[in-house]
Amino acid sequence: MRWSSLLIPTLREDPAEAEAVSHRLMIRSGLVRQLAAGIYCYLPLGHRILDKINTIIREEMNRIGGQEITLPAIHPAELWQQTGRWAEIGEEMFRLKDRGRRDMCLGMTHEEIIAWLAAKEIRSYRELPQIWYQIQVKFRDEARPKSGVLRTREFLMKDSYSLDVDEEGLRQSYALHKEAYGRIFERCGLTFYVVESDPGMMGGAGSHEFMAPSPAGEDEVALCGSCGYAANIELAASRPALPTFPSWSSLEEIPTPGARTIEEVSTFLQIDPRLTLKTLMVMTGDGPLLCLLRGDQQLHERKVQHLVGPFRPAHRDEVKEFTGVEVGFLGPLNLELPLLADEALAEGVYVAGANREGTHLRGVVPGKHVRARYADIHRVQAGEACVKCGGLVTVEPVIEVGNIFQLGTRYSTALKAVYLDERGQERPIVMGSYGIGPARIAAAAIEQSHDRDGAIWPSSIAPFQIHLVTVNVKDAAMRSLGEELYRSLAAAHVEMLYDDRDERPGVKFKDADLLGIPYRVTVGSRAIKDGQVEIRNRRTKADSMVPVADTVPHIQALLSRTDGK
RNA sequence: CGGGGCGUAGCGCAGCCUGGUAGCGCACUUGGUUCGGGACCAAGGGGUCGCCGGUUCAAAUCCGGCCGCCCCGACCA
């Protein structure tokens, strides 16, 4: 296609509002434009990229027996009320009323609709299993949209749902999706991890996430280099290495004037922060709770929430009210409050707050002095030991590009999606749900593959394969040679962007680097003089000169070699 | 929702503190020169200074309210 007739509004300068690399480059290379916070237009080039990604997704979904459907974006409230999510979900759901004052919402996901459809259409075990998928816009009124298309309020999502007769069937459908997802991200040219994830409010048994490592990612995963253990930080477990414990044999009060934070206390006492114990007060539904952690560890709020339900950190004056102590000198001894201790504290001897201003207590042995419930409530930090094999754990920021959930029967039961088994018994359909964010794949691809000049697209999802550039269209010979190449490449079905604009060469080359199409074919003075065109690899920046007459077969060979990657 | 920043031409910014003529670079239009890494010369077009109100003879500038966008945090199916 000719650049001169396309909308490709490249920008010379970085847009002020864009921070993340993918955000900056997607705007600069004319892929997207922002309409409002978290709401984006996809321009022709961005659209082509999404199209490429969606085609790969379709091929792999169809391959595991998925059937593409299209579901409504506007849902009646009743369905969501029946599964309880109408009330469960807060402001993140876009809600509206129709002219009859009926409550409606914009779909954030489609479990309810699928279960409704299954309830209507599935009667017998003979009709199962099924895999239904769609590539559709979803709406979530995110509290904080960010990083360009990485976190938006309206976004394209491939969501599929499996319907099975039992848990065993679900496991098979789940395994099929896991494989299909691996192939999809592989084909899109992404580096990714498959990690254990927290099923969260989806409910259900098991779940995994597909994570593309990138500094722009909002999630973190813990990875073990030895055994391959990989989990979202939201549920990852680790064993912190134990320090060498001193022989503090008895409890001893020591003055620590003004030393409130772990850093201040350990500096003041000249000890390893790992020999301190910190006491954090949180307010649960049942009142105050003290959480005990080793000084160098961080409280993992989600783990605590799993154990005690919703809670919030206590305010300064609440700590004073319930303990009579100033924040900074709180400790686990001699308080009539429930205690939740991190399991790392089961061993060792520590310095803890003495519940008296300006004083700490040395020689606290939690196992002996403290009656607490022990659990894993710390956040995994890099360098700790893997719970499976003892290997070293690393922590990395990642972009979540896909997730798979074993839902079970929550939605089918609520919406009466049932079938009759071989014995004529009515049973709930067992469901799974599986999502992929195509825009996140695009953004992750840029995050993982770019240089200072622009994007470097994997050819499988590049908007075009070849970027044909005529250096000077005012030069008649050059122009006609460019046109001739354009025609013959087009006739050979090479997917190509032809920069036929009347621009100076520098502008065209900068734009070509910015767009990041895998190969640039340049028709310049050398093509006229020596009959050679230049083919440049965007990634390696290596040039090769090819006789004009050989250009088409040469390019065809080049593209077939990189096909599918 | 808490904290911070920003809103002036299509884009990037200055002007605001200390009130009085709205400015620069890029982009755009026309003419000319130039043509392998974001050219040059000349002449142009384009802005209710986010919105509403207040103070003042006079507001982009000072004051109040609101809206929008970005970043950090909280939240996140």
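Because the model is predicted, local features require a pLDDT of at least 70 and side-chain atom pairs count only at pLDDT 80 or more, whereas totals for chains, interfaces and linings use all residues. Residues are numbered from 1 along each chain as its sequence is written, chains are lettered from A and ligands numbered from 1 in the order in which they are written, and side-chain values use heavy atoms, with hydrogens and water left out.

Around RNA strand B there are 42 residues, of which R12, I89, R151, R504 and D513 come nearest; a residue is taken as near the strand if one of its heavy atoms lies within 4 Å of it. Of the atoms of RNA strand B that come within 4 Å of the protein, 46% belong to sugar and phosphate. By class, this surface comprises 13 nonpolar, 7 polar and 22 charged residues, where Ala, Val, Leu, Ile, Met, Phe, Trp, Tyr, Cys and Pro count as nonpolar, Asp, Glu, Lys and Arg as charged, and the others, Gly among them, as polar.

An N or O atom in the side chain of R140 lies 2.8 Å from a sugar or linking oxygen of RNA strand B, while a polar backbone atom of G524 is 3.4 Å from a base oxygen and a polar backbone atom of S525 is 3.4 Å from a base nitrogen. The elements giving two or more residues to the surface near the strand are β1 (32-36), α8 (301-308), α14 (505-515), β31 (519-523), α15 (525-530) and β32 (532-537), and α14 provides the largest share, with 7 residues. Helices (H or I, at least four residues) and strands (E, at least two) are DSSP runs, numbered from the N terminus.

Helix α1 (residues 21-28) packs with helix α12 (residues 438-448) at an angle of about 105 degrees, their axes being 8 Å apart; axes are lines fitted to C-alpha atoms, for helices over the stretch in contact, and angles run from 0 to 180 degrees between N-to-C directions. The two helices α1 and α12 are therefore roughly perpendicular to each other, a term covering angles of 65 to 115 degrees. Their contact (heavy atoms within 4.5 Å) is made by V21, S22, L25 and M26 of α1 and A442, A443, I446 and E447 of α12.

The axes of helix α2 (residues 44-63) and helix α6 (residues 167-187) come within 9 Å and cross at roughly 155 degrees, and α2 and α6 are therefore roughly antiparallel to each other, as angles over 145 degrees are classed.

Definitions and conventions. Polar contact = N/O pair within 3.5 Å; in protein donor to acceptor, adjacent residues only side chain to side chain. Parallel < 35°, antiparallel > 145°, perpendicular 65-115°, else oblique.
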